[in-house]
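Please read the following report alongside the sequence and the coordinates.

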Amino acid sequence: MIYEYQKKFYRRWATVNLSLLIAVIAGAFLALSIGPSRTSLIDVLGVFLGERTTTPEWVSNVILRIRLPRIILAIVAGASLSVSGVVFQAVLGNPLADPYILGVSSGAVAGAALVTVFGIGKGTFGQLVIPTVSFVGSLLAMILVYIVARIGGRVRSQTLLLAGVIVNFFLGAVIMLLMSISNRELHEIVYLLMGNLGYVFSERTIWMLWIAGGLTLLGAILLLWRSRELNALSLGEESATQLGIDIQRFRLFLLFIVSLMIGAAVSLCGLIGFVGLIVPHATRMLSGPDHRTLIPAAALSGAVFLILADTLARTVAPIEIPVGVVTAIVGGPFFIYLLRTRRPGYI
Amino acid sequence: MVNIEISRLFVCYDDYPVLKGIDLEVAEGEFLGIIGPNGSGKSTLLKSISGIFRDFSGEIKVRGRSIRRWRRRQLARMLAVVPQDTTISFDFTVLEVVMMGRSPYLRGFQAETAHDLDVVRRAMEFTECWQLRDRSINELSGGERQRAVIARALAQEPHILLLDEPTTHLDINHQVEIFDLLASLNTDEGMTILAVSHDLNLAAAYCSKLMLLDKGRIHSIGTPGEILRREVIEDVYQTPVIIGKNPATGSPNLMLMPSELHGLVQGKR
């Protein structure tokens with residue numbers, strides 16, 4: 001009996017996560033080989049297998065210096081946004097929660113824009129200020145949404161979405177104010193608002209990518225460690241409390257981790273919408289709602305989703321379109337579909 | 001042994017007093033029914049005992065230790081709650097939901113042991129939801145879902161079980177089923193049970209003791225026969241009633257009537 005139950009759990013865990021891992025690797029190789037410069041999968045393999053003598057130098061430059069950081073950024077941002085979505089949905093006990101819709105991503109952008117406009121974000125030290133203030137911005141936005149949406153210990157969809165609209169309006173106004181008083185920094189803010197993975201890393205700034213990646217990985221592992229409590233929390237605050245969880249402390253822990261992940265991702269790639277909504281939903285169909293499987297699975301499928309969306313954004317038109325546009329075009333209708341089809345019990 | 005000891009319990013919601021001085025002792029193995037009109041403070045009392053509210057004045061002791069000094073994980077192994085609202089937003093299977101009852105015993109990255117599985121299985125067989133284990137909790141009927149939530153509480157291996165209106169929204173057959181379940185937990189396992197109930201007759205038929213709350217105070221406490229008396233019920237609920245006897249159990253049974261007949265009954269007095 002124990003054997004049967006655990007075999008079932010581990011088999012599902014391994015099947016779901018290994019196939020998603022393979023999808024991430026395959027997607028990454030595909031994306032590495034596609035772009036305005038004509039390269040093939042053979043070139044990509046050549047670069048990675050060390051046969052640099054047979055591949056021209058410009059090819060390895062394009063693949064390693066231009067495309068690879070971008071794809072790693074897609075993996076980091078996709079994973080962090082979709083895992084944040086999972087955590088939001090558990091904390092609020094509501095499957096419609098997502099950092100973009102609730103204005104938490106806007107909080108991070110407002111933070112980054114503030115630093116940009118006042119010109120603090122220069123130099124090695126300054127580059128650390130942007131993600132830090134983004135983190136603070138997303139944390140504040142999250143607390144605001146939470147206070148507005150929570151009535152009598154429960155978060156209803158109506159109040160939740162309304163809270164998101166209000167926080168988004170408010171932060172939109174803050175961002176516009178910052179734009180109107182900015183000069184040369186305007187295009188940097190517009191870039192953040194559009195959601196873009198084209199951040200150009202130089203030799204001196206590539207460490208920011210590693211920090212964002214490290215924070216995302218660390219966050220995901222910490223969340224996986226507490227995944228049993230996340231399961232209990234998704235039953236509601238009262239049930240979680242009586243299952244022995246100190247809700248106040250656990251919620252703070254979760255909000256802190258998620259803000260860190262969002263701040264790290266958004267300060268590099270701006271507002272990429274709906275990833276935290278679409279990906280967790282699709283992933284639950286594969287993995288079920290158990291967070292022990294769902295967290296790694298959502299991280300991996302977020303990565304695949306954003307790699308593919310970005311490849312589309314780079315190649316579908318003669319000019320590059322922001323990946324945030326692609327995800328919003330897919331995500332908007334999906335959100336409406338969820339809103340219309342979920343059972344009446346929890347909408 | 002005294003399992004729960006409450007003295008001078010006061011609870012306020014934003015300056016509005018809900019409980020105004022409750023003193024209560026619940027002995028081990030007791031089956032206490034908490035009854036009273038809406039707003040009399042029944043749910044608040046339950047939430048205070050289960051440690052969900054910590055904003056009270058007075059003292060609540062569970063097994064001799066103040067509720068404020070219990071660590072939540074430890075308390076969850078001693079005392080389990082079946083909440084009133086059992087809606088679940090995600091499609092967990094019944095087995096997954098009941099397995100969550102083991103979370104006070106498990107740490108992060110720790111797999112369930114054979115013992116955990118065994119406890120869960122026994123809880124589910126006892127509540128007759130083992131055959132539902134692979135179904136989604138959201139596909140179940142009201143009665144089945146309530147049994148699953150009770151199984152989750154039993155998986156915590158508690159000594160004390162608190163239930164908040166376990167039979168509202170259920171059909172009568174399921175109401176009886178749930179109370180039968182509680183009665184056998186109480187007599188066979190010696191579990192201490194506190195159940196808030198709207199249904200005075202069910203409470204009277206099953207509970208060893210009833211506590212009648214009125215406007216945040218204990219109006220009276222005693223055996224069902226002592227509490228379900230006409231003058232007591234009419235005093236609290238402000239509506240004329242007739243008290244008969246359940247011919248099967250011998251427990252008092254309360255009957256209601258349309259307002260136009262109220263005068264008739266009054267006249268007969």
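The report begins with the basis of the model and then turns to the interface, the sheets and the salt bridges.

## Basis of the model

This is a predicted model, in which local features need pLDDT of at least 70 and side-chain atom pairs count only at pLDDT 80 or more, whereas totals for chains, interfaces and linings use all residues. Residues are numbered from 1 along each chain as its sequence is written, chains are lettered from A and ligands numbered from 1 in the order in which they are written, and side-chain values use heavy atoms, with hydrogens and water left out.

## The interface of chains A and B

Contact, meaning heavy atoms within 4.5 Å, involves 35 residues of chain A and 40 residues of chain B. The two chains bury about 3,300 Å² between them, 59% of it on carbon and sulfur atoms; buried area is the accessible area (1.4 Å probe) that two parts lose on being put together, summed over both.

Across this interface the rule finds nine residue pairs in polar contact, both residues being at pLDDT 80 or more. A polar contact is a pair of N or O atoms within 3.5 Å; within protein, one must be able to donate a hydrogen and the other to accept it, and residues adjacent in sequence count only if both atoms are side-chain atoms. On the side of chain A that touches chain B, at least two residues each come from α1 (2-33), α3 (57-92), α8 (206-225), α9 (227-233) and α10 (237-242) of chain A, helices (H or I, at least four residues) and strands (E, at least two) being DSSP runs numbered from the N terminus. The most is given by α1(A), with five residues. By class, this side of chain A has 15 nonpolar, ten polar and ten charged residues, where Ala, Val, Leu, Ile, Met, Phe, Trp, Tyr, Cys and Pro count as nonpolar, Asp, Glu, Lys and Arg as charged, and the others, Gly among them, as polar.

## The six-stranded sheet of chain B

In chain B, six strands form an open sheet with mixed pairing, in the order β6-β7-β8-β3-β9-β10; two strands pair if DSSP finds at least two bridges between them. The edges are held by β6 (79-82) and β10 (217-222) of chain B, each with a single partner strand, so one side of each is left without a neighbour in the sheet. Neighbouring strands of this sheet are turned by 15 degrees against each other on average, direction ignored. The pairing of β6(B) with β7(B) (residues 160-164) is parallel and extends over four bridges, and A80(B) has L161(B) as its bridge partner in β7(B).

Helix α5(B) (residues 142-155) lies across β6 and β7 of chain B, running at about 170 degrees to β6(B). Axes are lines fitted to C-alpha atoms, for helices over the stretch in contact, and angles run from 0 to 180 degrees between N-to-C directions. Helix α1(B) (residues 42-49) lies across β3, β6, β7, β8 and β9 of chain B, at about 150 degrees to β7(B).

## The four-stranded sheet of chain B

A further open sheet, of four strands with antiparallel pairing, has the order β2-β1-β4-β5 in chain B. Here β2 (16-27) and β5 (65-66) of chain B stand at the edges with a single partner strand each, so one side of each is left without a neighbour in the sheet. Six bridges join β1(B) (residues 2-13) to β4(B) (residues 56-62), with E5(B) opposite K61(B) and S7(B) opposite E59(B).

The antiparallel pairing of β1(B) and β2(B) extends over nine bridges, and I4(B) stands opposite V26(B). These two strands form a hairpin with two residues between them, and D14(B) in the turn has a positive phi of about 45 degrees.

## Salt bridges

The structure holds 22 salt bridges over all chains, a salt bridge being a side-chain nitrogen of Lys or Arg within 4 Å of a carboxyl oxygen of Asp or Glu. Within chain A, E320(A) forms a salt bridge with R70(A), their closest N and O atoms being 2.9 Å apart. This pair links distant parts of the chain, 250 residues apart, with E320(A) in the loop between α13 (291-315) and α14 (323-341) of chain A and R70(A) in helix α3 of chain A.

Across the interface of chain A and chain B the rule finds four salt bridges. One of them joins K47(B) to E238(A), with the closest N and O atoms 3.5 Å apart.
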